[in-house]
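Work through the exercises below with the sequence and the 3D structure at hand. Each task is followed by a solution in steps.

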Amino acid sequence: MYVRPAAAAAAAFLGFALTVLGGTTSSAATGPSSPASPAGATGATGLLGPVVYAHRGASAYAPENTLYAIDLAMRLGFDWVENDVQRTKDGALVVVHDDTLARTTDVEQAFPDRGPWRVEDFTAAEIATLDAGSWFGQEFTGARVPTLREYLDRVQDNRQRLLLEIKKPELYPGIEKETLQVLDEAGWLDTDHVQRRLVVQSFSADSVRIVHGLRPDLVTAFLGTPTVADLPKYAEFTDRINPWHTTISADWVAAVHGLLGAHGKAMEVDTWIVDDEATARKVQGMGVDGIITNAPDVVQQAVLGQEALLGAFPY
């Protein structure tokens with residue numbers, strides 16, 4: 001789901017943060033000590049509170065899943081970014097949310113006779129020619145759909161961490177192994193990244209199970225809201241349950257926390273998509289470990305308080 005906040009206060013705060021931070025990079029030492037850290041782990045600013053994940057980058061303010069969006073998240077001081085991975089016709093992995101290119105690129109103009117413009121029907125070279133920014137704002141004209149390798153390299157350069165979603169794996173048999181291969185080639189499967197900087201998630205329990213089987217050391221997450229009775233089944237192959245915020249309660253979160261996940265640690269809950277202060281405070285009160293959001297500055301301000309947030313930024 002894509003939500004573009006319109007609150008003037010959020011816009012004002014964003015302008016302040018960009019002025020304050022400029023090109024400052026976030027430190028890999030901030031945030032949780034490991035991807036499987038317990039509830040109450042430090043957030044993006046190093047203060048107590050749920051960890052804040054920039055959904056598709058800071059996608060309330062820049063075109064989603066582009067390098068612009070993750071760079072902006074970095075400039076705002078957020079370590080964790082989330083993305084979506086799909087596969088092209090010629091087997092390349094690209095970072096795009098929808099299984100068609102129509103919503104977030106100019107593919108209909110560039111290739112008018114190729115509808116319905118599915119990702120799997122285009123080569124990586126063709127996708128690389130598309131404009132993935134002007135739909136969001138003219139100032140982003142010329143932004144591209146990054147390959148997974150390009151995306152990983154930028155996240156690494158920014159000293160950020162990654163919540164990687166394998167999107168619609170039923171369309172791309174074998175994408176789990178291919179994703180792990182790209183991660184490995186990019187240096188993302190060493191001890192530091194596996195223990196502190198990477199989580200792999202999917203809406204497909206089978207896909208999460210495959211990733212766990214191929215790399216049992218990786219932290220994984222299932223996107224959804226299983227019943228309390230079914231939670232022990234998921235604990236066998238995953239470390240986190242990441243639900244839509246409208247589907248959970250404090251009791252459900254406590255039930256997840258009461259189980260040990262695949263790595264023998266208390267399971268965690270990172271909820272999505274929360275873009276307003278009231279909802280952020282509501283899920284914080286439920287005890288969630290993380291909040292996935294298009295507007296990370298708004299959520300961080302809500303869960304920490306404006307004075308604490310501004311005091312955390314170096315200036």
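Helices (H or I, at least four residues) and strands (E, at least two) are DSSP runs, numbered from the N terminus. This is a predicted model, in which local features need pLDDT of at least 70 and side-chain atom pairs count only at pLDDT 80 or more, while totals for chains, interfaces and linings use all residues. Residues are numbered from 1 along each chain as its sequence is written, and side-chain values use heavy atoms, with hydrogens and water left out.

**Exercise 1. Describe the chain as a whole.**

Step 1. Count the elements: there are 13 helices and nine strands.

Step 2. Sort residues by relative accessible area: buried means under 20%, exposed over 50%, and partly exposed in between (1.4 Å probe, protein chains only). Of the 315 residues, 56% count as buried.

Step 3. Look at the contacts (heavy atoms within 4.5 Å). Among contacts with a separation of 6 or more, 64% join residues 24 or more positions apart.

**Exercise 2. Find the salt bridges and describe the partners.**

Step 1. Apply the rule: a side-chain nitrogen of Lys or Arg lies within 4 Å of a carboxyl oxygen of Asp or Glu. Side chains of opposite charge can pair when their charged atoms come close. The search of the whole structure gives 20 salt bridges.

Step 2. Take Asp192 and Arg196, whose side chains meet at 3.1 Å, N to O. Both residues belong to helix H7 (residues 191–196) and are four residues apart, about one turn of the helix. Asp192 is partly exposed at 32%, and Arg196 is partly exposed at 23%.

Step 3. Take Glu277 and Arg281, where the closest N and O atoms of the salt bridge are 3.4 Å apart. These two residues are separated by about one helical turn because they are four residues apart in helix H11 (residues 277–286). Glu277 is partly exposed at 30% relative accessibility, and Arg281 is partly exposed at 42%.

Step 4. Take Asp217 and Arg215, with closest N and O atoms 2.6 Å apart. The relative accessible area is 34% for Asp217, which is partly exposed, and 22% for Arg215, also partly exposed.

Step 5. Look for linked bridges: Arg56, Glu64, Asp84, Asp98 and Arg103 form a network of salt bridges.

**Exercise 3. Describe helix H11 from its start to what follows it.**

Step 1. At the start of H11, a side-chain oxygen of Asp276 comes within 3.3 Å of the backbone nitrogen of Ala278.

Step 2. List the buried residues: in H11 they are Thr279, Ala280, Val283 and Met286. They lie on the same side of H11, because they cover an arc of only 120° around the axis. The arc is taken from the directions from the helix axis to the C-beta atoms.

Step 3. Ask what covers these buried residues. The cover includes helix H10 (250–257), strand E8 (268–271), strand E9 (290–293) and helix H12 (296–304).

Step 4. Go to the residue that follows H11. This is Gly287, with a positive phi near 95°.

How values were computed
A polar contact is a pair of N or O atoms within 3.5 Å; within protein, one must be able to donate a hydrogen and the other to accept it, and residues adjacent in sequence count only if both atoms are side-chain atoms.
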